[in-house]
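Me: I would like a close look at a single part of this model. Please keep the answer connected and give the cut-offs.

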Amino acid sequence: MTKAIAGFSKLSKEEKINWIVNTHFNNPDSAKQVITQYWNSDEALQKLHDEFIENTISNFYMPFGVAPNFLINGKNVTIPMAIEESSVVAAASKAAKFWSNRGGFKTTVISTEKIGQVHFMYKGAADKLDAFFHTIKPKFFSETESITKNMQKRGGGIIDINLRDKTGELEHYYQLHATFNTKDSMGANFINSCLEQFAKTLKEEALQYDAFSEEEKQIQVVMSILSNYVPNCLVRAEVSCPVADLKEDKHISQEEFAEKFVRAVQIAEIEPYRAVTHNKGIMNGIDAVVIATGNDFRAVEAGVHAFASRNGKYSSLSHAKVENGIFTFWLEIPLALGTVGGLTGLHPLVKIALEMLGHPSAEELMQIVAVAGLAQNFAALRSLTTTGIQQGHMKMHLMNILNQFQATETERQLVTTHFEHNTVSHSAVVDYLASLRK
């Protein structure tokens, strides 16, 4: 069993790597070579990456690709995507091309409200707490002015603060539930700074509130933190066209395709087992753009999946219908994103991604990200309801299998030609490679 190490974070990068390879690997020299070969040759750039997190020993590469030909609200956009899954960029690009000839994607930002909460315990009469809250509410705004003044200059700030009684679910538990507009910033640090000041004001004012008993004055703040559930930070993306214009696959009529597509979405609306995979496909597109633009994909994922469960049952994020001969496919999704602060001003490739997108505002980025999710979902459902998902996915995966077995260029060409008309599977590729090598 490996012995614990004290003071690891204080070691130099070289010392950390030496300890790791000598402690955990049978071949320390080989492990060290892999770790160091992913370093950037530009020392200043490598130092920048080293300082993003603690205990950095190397860089973990992820492909950075682009999906061109997205027509969004009449404007052509090339979308950057950082993702390792083989078929995602290809599927998004194919969906973009399909809809660019049918009017493109239409998007609308519905709202941009973000949420933070001060969670606290209060032992006393609820009506007295309510009266106290309304008495001191103006102080929550005045005592955070030093924090909010710059945000207010940009048109953002604190929208409102409410007191919520949660004692029916947990004894003595209350919240200060605050809403914010953080403009082009994701706003996590801004919101948390405001919340911590709210908590300080709450406790200090309670001690001086004459109507409280001594016990009631002892408000216990448990924590002050933003929420990644942002059901009122919503964006809508949609596509539509006459059913007659859906023709692309010679093996299925436009009418049958539209009917099967709508049924596939309806199944995801009522069946959680399908909905999870259905929404994962949407997030393939969304996460790839969120990562490429330096945003927090874990926060987005958590908020999106909570939103998918908002009616008490996990359900599809996207919807489809045919009315009066018109096919419509859309989603409404919560996305708290930023285009200033965090990695957006530090990571060189994030800067490239944002410039590629024309330096979008947070609201513009919300729309682009939502479109990527809808495009990915359309591509997946089109495959599922026609040829099946594996045909396209496994052909994209073919290169990964060939790389795994270090295929030569001649072998690659022969294998690719063979599987143009044969079903791709891992075992089939391995067997065919073996037959070539005999």
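Is M356 buried or exposed, or does M356 count as partly exposed?

Reply: This is a predicted model, in which local features need pLDDT of at least 70 and side-chain atom pairs count only at pLDDT 80 or more, while totals for chains, interfaces and linings use all residues. Residues are numbered from 1 along each chain as its sequence is written, and side-chain values use heavy atoms, with hydrogens and water left out.

M356 counts as partly exposed, because its relative accessibility is 31%; buried means under 20% relative accessible area, exposed over 50%, and partly exposed in between (1.4 Å probe, protein chains only). The areas come from the Shrake-Rupley method with a 1.4 Å probe, and for residues only the protein chains shown count as cover.

M356 lies in helix α12. Helices (H or I, at least four residues) and strands (E, at least two) are DSSP runs, numbered from the N terminus.

Together with F64, V66, L349 and I352, M356 makes a nonpolar surface patch of about 370 Å². Like charges are joined within 9 Å, and nonpolar side chains (Val, Leu, Ile, Met, Phe, Trp, Tyr) within 5 Å.

Two elements, β1 (64–72) and α12 (348–356), each supply at least two residues of the nonpolar patch. The largest share, three residues, comes from α12.

Elsewhere, N295 lies in the loop between α10 (272–292) and α11 (297–308). N295 is buried, because its relative accessible area is 10%.

Methods
Patches are made of residues with over 30% relative accessible area and no salt bridge: like charges are joined within 9 Å, nonpolar side chains (Val, Leu, Ile, Met, Phe, Trp, Tyr) within 5 Å. A salt bridge is a side-chain nitrogen of Lys or Arg within 4 Å of a carboxyl oxygen of Asp or Glu.
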